Amino acid sequence: MVKVEKEQSIACTPEAFLDFVMDIERYVEVDDKVGPISWVRRNGNLTEFKFQPKLPGLPLPEPKAVAQMRLTPGSCIDIRLAPLPLNKFNHRMAEFSARFSCVPVDGGIRATRMISFQFNPVTRWMLDPVLRRTLPGSVERELRLSKQILERAASG
C-alpha cells in the first residue's frame, strides 16, 4: 500500500478551501494527478467527474476513471472511485481513497491531504516503489499551490 498524508497552513476559511477542491475544473490547476476532464456532475454535496488519471512517475497511459467527491460541509471531502459497474479496470488494479480535511487554526486553517493506493499483487511490485518516490512531492506541490491561490484570493 502507498499512503501519503501532508499538511499545510492556509490563510483562508474552511469553506473557501473545500469549495476550491470541490470545483474540480478549477482544482486541476494544482493537481498534476488529474488529467483532462470529460464531464462533471454536481448534486448537492456529491460531485462526480470522469477524468484521465496521471499518476506521477508512471509513463503508462491510464484508463479514464470516474471519481466521486463527497463533501462534509466545513470539515472534509472524501474521494473514491465510483462503484461498479463503472471503473471496472481501475477497481481490478487498485483500491483508491483520498481525503481533504481542514481544521480552523489562528489565521486560517490547517489543511490535510491524504491519498492512498492499494494495488493488486500483479502490479504492486512495479507501481508501489514508483509512487512511494513520486507521490509525496506531488501532494506537497498540490497543497503549496492551493495555498498560493487561496491566499492571493483572500488578500485580493
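In the predicted model, residues 24 or more positions apart account for 54% of the contacts in the protein chain with a separation of 6 or more. Buried residues make up 46% of the 156 residues in the chain. The C-alpha atoms, taken along the principal axes, fill a box of roughly 45 × 35 × 20 Å.

Four helices and seven strands were assigned to the protein chain. Their order along the sequence is β-α-α-β-β-β-β-α-β-β-α. The radius of gyration of the protein chain is 15 Å, close to the 15 Å that the globule rule gives for 156 residues, so the chain is as compact as a globular protein of that length.

The packing of two helices was examined next. Two packed helices are described by the angle between their axes and the distance between the axes. For helix H1, which spans residues 14-22, and helix H4, which spans residues 121-155, the angle is about 120° and the axes lie 11 Å apart. H1 is therefore oblique to H4, since an angle of 65 to 115 degrees would be needed for a roughly perpendicular arrangement and one over 145 for a roughly antiparallel arrangement. The crossing of H1 and H4 is right-handed. On the H1 side, the contact is formed by Ala16, Phe17 and Phe20; on the H4 side, Ser146, Ile149 and Leu150 take part. By class, five residues in the contact of H1 with H4 are nonpolar and one is polar, with no charged residues.

Phe17 of H1, one of the residues that meet H4, is also in contact with Ser101. Ser101 is found in strand E6, which covers residues 94-105. Relative accessibility at Ser101 is 19%, and Ser101 therefore counts as buried, the limit for this class being under 20%. Leaving aside neighbours within four places in sequence, the contacts of Ser101 comprise Phe17, Ser75, Cys76, Arg110, Ala111 and Thr112.

The relative accessibility of Met126 is 35%, so Met126 counts as partly exposed, a class that lies between the 20% limit for buried residues and the 50% limit for exposed ones. Met126 and Leu58 are 68 residues apart along the chain, and their C-alpha atoms are separated by 9.9 Å.

Terms used: Residues are numbered from 1 along each chain as its sequence is written. This is a predicted model: local features need pLDDT of at least 70, side-chain atom pairs count only at pLDDT 80 or more; totals for chains, interfaces and linings use all residues. Side-chain values use heavy atoms; hydrogens and water are left out. Axes are lines fitted to C-alpha atoms, for helices over the stretch in contact, and angles run from 0 to 180 degrees between N-to-C directions. Helices (H or I, at least four residues) and strands (E, at least two) are DSSP runs, numbered from the N terminus. Angles under 35 degrees count as roughly parallel, over 145 as roughly antiparallel, 65 to 115 as roughly perpendicular and the rest as oblique. A crossing is left-handed if the near helix is turned anticlockwise from the far one by less than a right angle, and right-handed if clockwise. Contact means heavy atoms within 4.5 Å. Ala, Val, Leu, Ile, Met, Phe, Trp, Tyr, Cys and Pro count as nonpolar, Asp, Glu, Lys and Arg as charged, and the others, Gly among them, as polar. The radius of gyration is taken over C-alpha atoms; the globule rule is 2.2 Å times the number of residues to the power 0.38. Buried means under 20% relative accessible area, exposed over 50%, partly exposed in between (1.4 Å probe, protein chains only).
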